[in-house]
Amino acid sequence: MHDLAPTTEVLAGLVAAVRDDQLSAPTPCPEMSLAELLVHIDELALAFTAAATKTTPTGDDGTPDEDNPPTASSPLDTGWRTRIPQRLTDLAAAWRADAAWTGMTHAGGVDLPGEVAGVVALDEVLLHGWDVAAATGQQFTADPALAEAALGFVQATAQESPEGSPGLFGPPLPVPAEAPLLDRLVALSGRDPAWTPPA
């Protein structure tokens, strides 16, 4: 069981600091603009909160999100600067419950153990925090214990799928064994730790 709050708080701060003129900027996620990445973060916060509480995620209109899955071209609704941070706060709160980490749950169209879903949620928030920071030139910090937990998950996934996991990670990139923990995590997920926005 992990407390996701140190990671969700970092991502919430990064999201709140995004400027309007940065929304069309590229990100380390191929073919995804910053606005599209923010839509994804908004939706994953809802989905993994529901996974923790073992309920069906719903949108602002009460419609089950699984009936209207988001796409990469979904618009970024108004109010996102306050809504996304709040949803991230709710996400961390939901995973503080012991029951969230037990039994089976549902996320991303698959059934999986609660303890696995919690680590997936942690990994998503941590890596996308790095993505937002890299795309906007902000500083990113990761709690070492949480980064270690995410690294263990990504390592296991990379061993099972060395060519990458579509919709989750790209093919792992080589990185020195002595590289910083965060660089190793980012590279294993298929991202270049040295990525910067194109000039």
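**Figure 1. Salt bridges across the predicted structure.** A search of the whole structure finds 6 salt bridges, and the views that follow take up several of them, including the pair formed by Arg 96 and Asp 3.

**Figure 2. The salt bridge between Arg 96 and Asp 3.** The side chains of these two residues meet with an N to O distance of 3.5 Å. Arg 96 lies in the loop between helix 3 (80–94) and strand 1 (104–107), whereas Asp 3 belongs to the segment before helix 1 (5–16), so that the pair, 93 residues apart, links distant parts of the chain. Arg 96 is partly exposed, with a relative accessible area of 44%, and Asp 3 is likewise partly exposed, its relative accessible area being 37%.

**Figure 3. The salt bridge between Asp 42 and Arg 87.** The closest N and O atoms of Asp 42 and Arg 87 are 2.7 Å apart.

**Figure 4. The salt bridge between Asp 131 and Arg 191.** Here the side chains of Asp 131 and Arg 191 meet at 2.8 Å, N to O. Asp 131 is located in helix 4 (residues 114–136) and Arg 191 in the segment after helix 6 (181–188), and this pair, 60 residues apart, also links distant parts of the chain. Both Asp 131 and Arg 191 are buried.

Methods
Residues are numbered from 1 along each chain as its sequence is written. This is a predicted model: local features need pLDDT of at least 70, side-chain atom pairs count only at pLDDT 80 or more; totals for chains, interfaces and linings use all residues. Side-chain values use heavy atoms; hydrogens and water are left out. A salt bridge is a side-chain nitrogen of Lys or Arg within 4 Å of a carboxyl oxygen of Asp or Glu. Helices (H or I, at least four residues) and strands (E, at least two) are DSSP runs, numbered from the N terminus. Buried means under 20% relative accessible area, exposed over 50%, partly exposed in between (1.4 Å probe, protein chains only).
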